[in-house]
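Hi everyone, thanks for coming. Let's look at how two chains meet, and then at what lies inside.

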Amino acid sequence: MQAYAACDQDPPRAHRPATLKVVIAGGFGAGKTTLVGAVSEIPPLTTEEQLTEAGQDIDSLTGVGAKTTTTVAMDFGRITFTAPTNLQLMLFGTPGQNRFKTLWDDLSYGAVGAVVLADTRRLADSFEAVSHFEQRAVPFVIAVNQFDGSDRYPLDEVRDSLDLDPGVPVVPCDARSRQSAVNVLIALVRHALTTAPGARP
Amino acid sequence: MSRATPPPGAPPGAPARRLRPYTLTGGRTRARHPLNRDSLLAARPQEPFGDVGRDGEQIQLLCASPCSLAELSGRLAQPVQVTKILVSDLLDQHALVLVTPTARSPRPDTELLEACLAGLRRL
C-alpha cells in the first residue's frame with residue numbers, strides 16, 4: 001500500500017485538514033437541498049451512487065431473494081474551518097426512506113450525527129429516519145422546517161408526535177437561511193458532545 | 001445518469017455525459033484502495049507520473065487543494081463507485097495522495113467536535 005506510505009510524508013501534517021460529516025435526512029420536498037445550499041461554501045452538488053437492495057419478495061421457485069440495484073442521488077455540501085483547527089465539515093443530504101438504511105449506516109459511521117428535517121405537513125415522513133438513528137444510537141436533532149403557509153407547530157407537539165426521547169433537541173429552522181442552518185448544525189454538534197462516550201455532564 | 005450534474009464548463013441545463021459509467025474504468029467495479037465518500041485527496045504535481053488520462057487530469061486539477069471523493073464524484077458527474085476506481089488508479093500512479101484515512105471509530109473525537117462547534121459559532 002504505497003499510498004499509505006505517501007500519506008505519512010506529504011502534504012505536511014499541519015496542512016492536512018481533519019474531516020467531519022453530518023447526515024441530513026428528510027422526506028421528499030422537506031428542504032434538504034435548500035438546507036445544504038444555505039450553509040455550504042460551494043453550491044450543493046449532486047452525487048449518485050448505486051445501491052443494491054434486498055428484494056421485498058422471495059422468489060418461491062429459487063428461494064433466492066431478488067436483488068435490485070437502484071440509483072440514489074445525494075446532496076453534497078461543505079464548510080471549511082481554518083480556526084481553531086483546519087477542518088472540513090461535509091454535509092450529505094439523503095432520502096428519508098428506510099430502504100436507504102444501508103446508506104445511512106455507512107454515512108453515519110464516524111459522523112457527528114444526523115439532522116432529520118421534518119415538514120410539519122408530512123410529519124410521518126420523518127418516522128423512519130427517527131427510528132433508524134434512535135436504534136443505532138446515532139446522535140440526531142429534529143429540524144422543523146417552517147414553510148411559508150404551514151402551521152407553526154409548537155415544537156413540543158412535534159416532539160410528542162415523533163415520540164422523541166427528552167434529550168433529543170427539536171429546533172425550528174428556515175432551511176433558506178444560512179444562520180438558521182448554522183444554528184441547526186450547532187445544536188447537533190452540542191448534542192453529539194453531550195452524548196459522546198465519556199462526555200462531561 | 002439523467003439526474004447527474006452536468007460536466008464542469010457545460011452550459012446550464014446541458015445533459016450529463018451519456019457514456020456508460022464503467023466504460024471509463026475498463027469494466028472494473030471495485031477500487032483497490034479503501035476509499036469513502038469523505039476521503040480527502042490531494043494532487044502531487046511535483047511527482048513524475050505516467051499518462052493519467054483526461055479524467056485523471058481533471059481530478060488532479062480539482063485536487064489542487066484537498067477535495068473529498070464525494071465532491072469529485074459530483075464535479076465529474078460520475079457515480080461514487082466509478083470515481084473511487086478512477087481515484088484508486090491515480091493513487092497507484094502516485095498522482096494523488098490520500099490526505100485523511102477512513103474513519104476507524106464510530107464516533108468522532110471529542111476535541112474535533114469542540115473545534116467544529118467553535119468554527120460554527122464564528123460563522
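Which residue of chain A forms a salt bridge with Glu71(B)? It is Arg78(A), with the closest N and O atoms 2.5 Å apart. By salt bridge I mean a side-chain nitrogen of Lys or Arg within 4 Å of a carboxyl oxygen of Asp or Glu. Between chain A and chain B the count is four salt bridges.

A quick note on the source: this is a predicted model, where local features need pLDDT of at least 70, side-chain atom pairs count only at pLDDT 80 or more, and totals for chains, interfaces and linings use all residues. Residues are numbered from 1 along each chain as its sequence is written, chains are lettered from A in the order in which they are written, and side-chain values use heavy atoms, leaving out hydrogens and water.

Now the whole meeting surface. In chain A, 58 residues are in contact (heavy atoms within 4.5 Å) with 49 residues of chain B. Together the two chains bury about 4,800 Å², 64% of it on carbon and sulfur atoms; that is the accessible area (1.4 Å probe) the two parts lose on being put together, summed over both.

And inside? The largest nonpolar core has 37 residues, and Leu89(A) and Leu120(B) are among those with the most contacts inside it. Such a core joins buried Ala, Val, Leu, Ile, Met, Phe, Trp, Tyr and Cys residues through side-chain atoms within 4.5 Å, buried being under 20% relative accessible area (1.4 Å probe, protein chains only). Leu89(A) touches residues of both chains, including Val22(A), Cys116(B) and Leu120(B).

Methods. Buried < 20%, exposed > 50% of the residue type's maximum accessible area, 1.4 Å probe, protein only. Lists of a residue's contacts leave out its neighbours within four places in sequence.
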